[in-house]
Amino acid sequence: MAILQKIALVLVIIGAINWGLVGLFQFDLVAAIFGDSANIVARIIYTVIGICGLINIGLLFEDLDH
């Protein structure tokens, strides 16, 4: 499970950077790469990043001292 969480964390960080770009510059990197944000590929990427965020909720409850 640790490998899955690390992969999910990387994708969540990429998603956070994308949201930062949207907030600061109104530039959606995913939509720019894959066409419109309504494009099926872009929607799949948004969905995968959202699922990765749910996977990483478990990090809130982990002991960071181990």
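**Exercise 1. Find which residues Asn56 contacts, leaving aside its neighbours within four places in sequence.**

Solution. Start with the model: it is predicted, local features need pLDDT of at least 70, side-chain atom pairs count only at pLDDT 80 or more, and totals for chains, interfaces and linings use all residues. Residues are numbered from 1 along each chain as its sequence is written, and side-chain values use heavy atoms, without hydrogens or water.
- Step 1. Helices are DSSP runs of H or I with at least four residues, numbered from the N terminus.
- Step 2. Apply the contact cut-off, heavy atoms within 4.5 Å. Asn56 then touches Gln5, Ala8, Leu9 and Val12.
- Step 3. Check accessibility. Asn56 has a relative accessible area of 9% and is buried (buried is under 20%, exposed over 50%, 1.4 Å probe, protein chains only).

**Exercise 2. Determine which face of helix 3 is buried, and what the buried residues pack against.**

Solution. 
- Step 1. List the buried residues of helix 3: Ala42, Ile49 and Cys52.
- Step 2. Look down the axis. These buried residues fall within an arc of 80°, so they line one face of helix 3 (the arc is taken over directions from the helix axis to the C-beta atoms).
- Step 3. Turn to the other side: Ile40 and Leu54 are exposed there.
- Step 4. Identify the partners. The buried residues pack against helix 1 and helix 2.

**Exercise 3. Describe the backbone and setting of Gln26.**

Solution. 
- Step 1. Locate Gln26 in the loop between helix 1 (2-25) and helix 2 (29-34).
- Step 2. Read its accessibility: 75%, so Gln26 is exposed.
- Step 3. Read phi. Gln26 is not a glycine, yet its phi is positive, about 50°. Most residues other than glycine have a negative phi.

Note on methods
Helices (H or I, at least four residues) and strands (E, at least two) are DSSP runs, numbered from the N terminus.
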